Amino acid sequence: MHTGELVEGVGRSDLRKKVFLRLEKLGALPENLDCYFANAICDALPPDRAANECKYVDADAPSNLRAARVLRADDVWRFIKAMKNWLLAGGGMEAKEEAERRASICAQCPRNVDVAGCSWCSGVFAASLELLAGRSTSVDASLKHCEVCGCNNRAAVHFPAAAVDPSLDYPEWCWKRP
Ligand code: SF4
């Protein structure tokens with residue numbers, strides 16, 4: 001929703017908070033505030049600044065942006081496609097208690113990282129949430145993406161062990177480690 005109002009903040013989190021409060025007051029809070037917020041920033045910036053400020057990274061992005069973070073949106077898209085195929089093939093989901101246990105491990109893992117670029121802009125976060133069919137854990141807010149395999153952790157914790165790629169080098173505390 002575009003209200004036409006100018007909202008200013010001293011930094012990104014301050015600005016997000018002000019946008020949140022303003023939209024809440026208007027009764028217009030979108031379900032996906034972070035997506036809305038990121039897109040509004042992209043829209044508001046002039047093209048040259050947007051190119052630098054936007055952290056969306058793909059194979060065509062400048063090298064300084066590509067090097068900014070390790071995990072790229074492409075990696076997460078691979079995960080999303082694999083999980084969709086898994087579900088289409090009749091693969092089920094894990095019990096809630098087990099998903100909760102895994103989520104608590106991922107939430108504290110140093111390899112639980114942001115995806116390169118804006119995961120909302122690139123659509124990977126929204127697509128990951130679609131996989132979940134309403135499932136959640138108590139630590140969803142702390143779940144990002146797994147730097148080892150490119151999974152979206154918020155979704156991955158609900159999938160059975162058989163959906164995990166066992167060939168990767170997970171840290172010793174990881175629930176995916178065979
Ligand atoms: S390495 Fe394991 S525990 Fe760490 S974020 Fe990835 S899946 Fe979670």
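K96 is partly exposed, at a relative accessible area of 49%. Partly exposed here means between buried (under 20% relative accessible area) and exposed (over 50%), with a 1.4 Å probe and protein chains only. This is a predicted model, where local features need pLDDT of at least 70 and side-chain atom pairs count only at pLDDT 80 or more, while totals for chains, interfaces and linings use all residues. Residues are numbered from 1 along each chain as its sequence is written, and side-chain values use heavy atoms, leaving out hydrogens and water.

K96 has a partner. It forms a salt bridge with E100, and their closest N and O atoms are 3.7 Å apart. A salt bridge is a side-chain nitrogen of Lys or Arg within 4 Å of a carboxyl oxygen of Asp or Glu. Both K96 and E100 belong to helix 6, residues 96-108. They sit four residues apart, about one turn of the helix. Helices are DSSP runs of H or I with at least four residues, numbered from the N terminus. E100 is partly exposed too, at 24% relative accessibility. Salt bridges also build a network: E94, E98, R101 and R102 are joined into one by bridges that share partners.

How many salt bridges does the structure hold? The count is eight. Side chains of opposite charge can pair when their charged atoms come close.

Now turn to helix 1. D14 and K18 meet through their side chains in a salt bridge, 3.0 Å from N to O. These two residues are four apart in helix 1, so about one helical turn separates them. D14 is partly exposed, with a relative accessible area of 21%. K18 is partly exposed as well, at 35%.

E5 pairs with R22 in a salt bridge, with 2.9 Å between the closest N and O atoms. E5 lies in the segment before helix 1 (12-26) and R22 lies in helix 1, so the pair ties together parts that are 17 residues apart in sequence. E5 is partly exposed at 38% relative accessibility. R22 is partly exposed at 29%.

C106 is buried, with a relative accessible area of 7%. C174 also counts as buried, at 14% relative accessibility.
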